[in-house]
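Could you walk me through this structure, one selection at a time? I have it open in my viewer and would like to know where to click and what is there.

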Amino acid sequence: MAHDTLTITDSRTQKTYSLPVENDTIRALDLRQIKVKPDDFGLMTYDPAFMNTASCRSAITYIDGDRGILRYRGYPIETLAEHCTFLEVAYLTLFGELPTAPELKTWVDDITHHTMLPETTRKFMEGFRYNAHPMAMLVSTVAALSTVYPDAREIHDPVNRLLQIKRLVGKMPSIAAMSYRHSLGFPYVYPDNDLNYPENFMNMLWKMVEPKYVANPVLARALDILFILHADHEQNCSTNTMRSVGSSHADPYLSTAAAAAALSGPLHGGANEEVLKMLDLIGSKDNVPAYIKQIKDGHGKLMGFGHRVYKNYDPRAKVIKWTAEQVFEVTGRNPKLDIALELERIALQDDYFVTRKLYPNVDFYSGIIYQAMGFKPEMFTVLFAIPRTVGWLAQWQEMITDPEQKIARPRQVYTGHEVRELVPIEKRIPALV
Ligand code: ACO
């Protein structure tokens, strides 16, 4: 069978090498044979921020950034958002196939019975300062679950892995809700097993003195759709963190906490909070042109715009816009939507944004919906972390069972000093003023 190859001629030695090409990819390790002297280390690639490096093979999520396509396990995101529940999509993402009705029933039942937090974890959360950021509470509490479930270290046991996956998917909304209630000074609401996944989350967030919480079905479905849209997004910053930390065989709670920490940054999942702050700052539609000019002059970024992979409209943003309309029929229109629409309208016509292929991403409209539902901006990234836990765990499991994977350990190009002689302290000259 003929194999595709890449032929490289090294101008330093005039030697020619033939490297196999598979899936439009060469193996970085094949470059190591390219040397000037036999004892050289061999050629490496330099790729800060992994702009052009595939770190794994994955069968979970497919993105075509140029055509605005996102699929989980082969199913278009728009179809899943229209026809499935989040737990159905979670099953698909984690196990590769959509569940049958009995499989879904068992799965939902399992997740429902893992929603309760251990009392020690609840007490642990009580120790947070009254104004702690909910995302910081979530990251710390997920890590703290590692103290409750030491069996989670058995990462090579598939039965054990499945148990931890169910626990994490079940408990994430409970931790998120508790962090929300803590920041408001309200007591924790225990899960209600009669309710479905989004309804139960709403119950834990908003139940007050009523004997039984009844969720608005439109808002519950909107939340479920938002969860579907956020379930996975292949090798993004937080997923790469999950795989990287997990590759050291840390347990899934600690790996998930690390992934959530990566998500919290404003360039990643933290962007949805920043979008709301930006819309507040802009204040009204009339101020949009001046704000855009400021961005083009190099003062800051248009938050919720741009994506490393999508160079066309983010397909999730389209579904979110549609979902927003449904939510606003219940909550009333969030006035920030008009500012956002005007920002999008002007930006999509502006050469600066057009030439750089900057389009609204998933975070541009999600915050406006969350705010209309009554969430504070500090909660937005927490809402992102709940469904993304599914993606992190699917990717973690794929990584653990991939025989090609090892501990993640990139190389570097060293730019520091050659070996130096130590100067005694009394003879040192201050280097910093
Ligand atoms: N507003 C204004 N200019 C932008 C923006 C933006 N939001 N995003 C990128 N640019 C400009 C850059 O300044 C750069 O311009 P230059 O070529 O003149 O230097 C060019 O577009 C390319 O941008 P990069 O920073 O190289 O793109 P990269 O792929 O590294 O960054 C990122 C992607 C981090 C998402 C970036 O677009 C950004 O910071 N956006 C705002 C934050 C945001 O919304 N993040 C959420 C992403 S979705 C998610 O993580 C869930």
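Here is a short tour of this predicted model, stop by stop.

**Stop 1: the domains.** Start by colouring residues 1–45 as domain 1 and residues 58–398 as domain 2. The C-alpha centres of domain 1 and domain 2 are 42 Å apart.

**Stop 2: a hairpin.** Now select strand 3, residues 61–64, and strand 4, residues 69–72; these strands run antiparallel and are joined by four bridges. Across from D64 you will find I69 in strand 4. Four residues sit between the two strands of this hairpin, and G68 in the turn has a positive phi of about 65°.

Stop 3: Next, show L87, N196, Y197, P198 and D224, which are the closest to the centre of the second largest pocket among the 25 residues that line it. The volume of this pocket is about 280 Å³. Which helix gives the largest share of the lining of the second largest pocket? Helix 7 does, with six residues. Colour helix 7 (197–206) together with helix 2 (86–95), helix 3 (101–112), helix 6 (158–184) and helix 8 (217–229): each supplies at least two lining residues. Sorted by class, the lining of the second largest pocket holds 14 nonpolar, seven polar and four charged residues.

**Stop 4: salt bridges.** The whole structure has 24 salt bridges, and we will visit some of them.

- Select D40 and K37, whose side chains form a salt bridge at 3.7 Å, N to O. D40 is partly exposed, at 24% relative accessible area, and K37 is partly exposed too, at 48%.
- Move to helix 4, residues 119–126, where E119 and R122 lie three residues apart, about one turn of the helix. Their side chains meet in a salt bridge at 2.7 Å, N to O. Is R122 buried or exposed? With a relative accessible area of 15%, R122 is buried, because the cut-off for buried is under 20%. E119, at 36%, counts as partly exposed.
- Go on to helix 14, residues 336–349, which holds R345 and E342, again three residues apart, about one turn of the helix. The closest N and O atoms of their salt bridge are 3.1 Å apart. Here R345 is partly exposed at 44% relative accessibility, while E342 is buried at 15%.

**Last stop: a network.** Finish by selecting E22, R27, R57 and E404, which are linked in a network of salt bridges.

Note on methods. Residues numbered from 1 in each chain as written. Predicted model: local features only at pLDDT ≥ 70, side-chain atom pairs only at ≥ 80, totals over all residues. Heavy atoms only, no water. 1 Å grid on protein atoms, 1.4 Å probe; cavity = no way out; pocket = protein on both sides within 12 Å on 5 of 7 lines; lining within 4 Å. Points joined across faces, edges and corners; volume = space filled by probe spheres on them. Nonpolar A, V, L, I, M, F, W, Y, C, P; charged D, E, K, R; others polar. Pairing = 2+ DSSP bridges. Domains from an automatic or database assignment. Salt bridge = Lys/Arg side-chain N within 4 Å of Asp/Glu carboxyl O. Buried < 20%, exposed > 50% of the residue type's maximum accessible area, 1.4 Å probe, protein only.
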